[in-house]
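User: Walk me through this one, please. Keep it brisk.

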Amino acid sequence: MPRETSPKIISNGRRYMGNMAVASVLYTAAVFGGAFAIRDESLPQWGVILAALAPLIPALLMLRAYVIFLNGVDEFQRRIQTDAMLISAAVVGFGSFAYGFLEEWAGFPHLPLIWVFPALIGIWGLAACVLRLRYK
Amino acid sequence: MRNRLKVLRAERNWSQADLAEKLDVSRQSVNAIETGKYDPSLPLAFKIAAVFGLPIEQIFSADEAAQAAE
């Protein structure tokens with residue numbers, strides 16, 4: 001399959017990768033820094049809360065990188081991305097809703113809420129790949 | 001919706017990548033439009049018409065209109 005040659009598309013992709021790389025490095029630093037900080041038992045409660053929420057800032061930078069990327073793609077690519085997001089939201093939304101009932105009524109093991117966002121991102125990526133193949 | 005993109009592109013000896021660059025869209029987008037898997041928005045359809053220098057109705061036609069003409 002020929003590669004994309006449009007300078008606008010190439011620069012948009014490069015900018016996305018660059019922004020995402022910076023956000024990923026900051027995210028890793030925030031997770032490890034936060035995990036290290038909460039080991040200090042003298043840390044006040046507000047400090048623990050700040051440490052726990054620290055990874056959200058780079059996660060928001062990732063979201064910003066994605067929004068900038070989405071604004072730079074053409075309408076067809078945007079359609080693929082928004083369809084994939086919709087599929088992901090539906091799968092994770094209904095999946096977590098169903099699992100909530102199973103937890104409450106059928107004694108299924110408790111799953112932490114922290115997995116919701118990674119599941120959303122993972123299924124969105126998978127759905128985008130499948131949709132791209134569909135339009136090939 | 002049907003279109004004559006492939007024929008018009010071949011007449012001008014343009015690759016999908018050439019057309020994509022002229023339209024400022026991805027090559028995959030041109031392919032999806034050309035194969036009828038994706039219908040472009042009105043602004044993009046007008047842009048396609050401008051690139052080929054043709055009226056929009058000479059490039060795109062509704063399925064029913066194309067069937068009636070056959």
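**Burial and packing**

User: Which residues of helix 3 of chain B are buried?

Analyst: The buried ones are B:Arg27, B:Gln28, B:Ser29, B:Val30, B:Asn31, B:Ala32 and B:Ile33. Buried means 20 or more other C-beta atoms within 10 Å of the residue's own; exposed means 12 or fewer, partly exposed is in between, and C-beta atoms are placed from the backbone. Helices (H or I, at least four residues) and strands (E, at least two) are DSSP runs numbered from the N terminus.

User: What kind of model is this?

Analyst: Predicted: local features need pLDDT of at least 70, side-chain atom pairs count only at pLDDT 80 or more, and totals for chains, interfaces and linings use all residues. Residues are numbered from 1 along each chain as its sequence is written, while chains are lettered from A and ligands numbered from 1 in the order in which they are written.

User: What covers the buried residues of helix 3 of chain B?

Analyst: The cover includes helix 4 of chain A, plus strand 1 (2-3), helix 1 and helix 2 of chain B.

User: At what angle do helix 2 and helix 3 of chain B pack?

Analyst: About 105°, with the axes of helix 2 (residues 16-23) and helix 3 (residues 27-34) 8 Å apart. That makes the two helices of chain B roughly perpendicular. Axes are lines fitted to C-alpha atoms, for helices over the stretch in contact, and angles run from 0 to 180 degrees between N-to-C directions. Angles under 35 degrees count as roughly parallel, over 145 as roughly antiparallel, 65 to 115 as roughly perpendicular and the rest as oblique.

User: Which residues of helix 2 and helix 3 of chain B meet?

Analyst: From helix 2 of chain B, B:Gln16, B:Ala17, B:Leu19 and B:Ala20; from helix 3 of chain B, B:Arg27, B:Ser29, B:Val30 and B:Asn31. Two residues are in contact if their C-beta atoms, placed from the backbone, lie within 7 Å. This contact has four nonpolar, three polar and one charged residues. Ala, Val, Leu, Ile, Met, Phe, Trp, Tyr, Cys and Pro count as nonpolar, Asp, Glu, Lys and Arg as charged, and the others, Gly among them, as polar.

**Between the chains**

User: How many residues are in contact between chain B and chain A?

Analyst: 14 residues of chain B are in contact with eleven of chain A. Helix 2 and helix 3 are the elements of chain B that give two or more residues to its side. Helix 3 of chain B has the largest share, four residues. By class, the chain B side has six nonpolar, four polar and four charged residues.

User: Which residues make up the largest nonpolar core?

Analyst: It has twelve residues: A:Phe76, A:Ile80, A:Ala84, A:Trp124, A:Ala127, B:Leu5, B:Leu19, B:Ala20, B:Val25, B:Val30, B:Ala32 and B:Ile33. A nonpolar core is a set of buried Ala, Val, Leu, Ile, Met, Phe, Trp, Tyr and Cys residues joined through C-beta atoms within 7 Å.

User: What does A:Ala127 touch?

Analyst: Leaving out residues up to four places away in sequence, A:Ala127 touches A:Ala84, A:Ile87 and A:Ser88.

**Chain A**

User: Which domains does the assignment give for chain A?

Analyst: Domain 1 (1-73) and domain 2 (74-136); the bounds come from an automatic or database domain assignment. Their C-alpha centres lie 20 Å apart.

User: How do helix 1 and helix 3 of chain A pack?

Analyst: At about 170°, with the axes of helix 1 (residues 7-37) and helix 3 (residues 56-72) 8 Å apart. The two helices of chain A are therefore roughly antiparallel. Their contact has 14 nonpolar, three polar and one charged residues.

**Backbone in chain B**

User: What is phi of B:Asn13?

Analyst: Near 60°, positive in a residue other than glycine. B:Asn13 lies in the loop between helix 1 (5-11) and helix 2 of chain B. B:Asn13 is exposed, with 7 other C-beta atoms within 10 Å.

User: And where is B:Asp24 found?

Analyst: In the loop between helix 2 and helix 3 of chain B. B:Asp24 also has a positive phi, about 65°, although it is not a glycine. B:Asp24 counts as partly exposed, with 14 C-beta neighbours inside 10 Å.

User: Which residue with positive phi follows helix 3 of chain B?

Analyst: B:Gly36, with phi near 80°.
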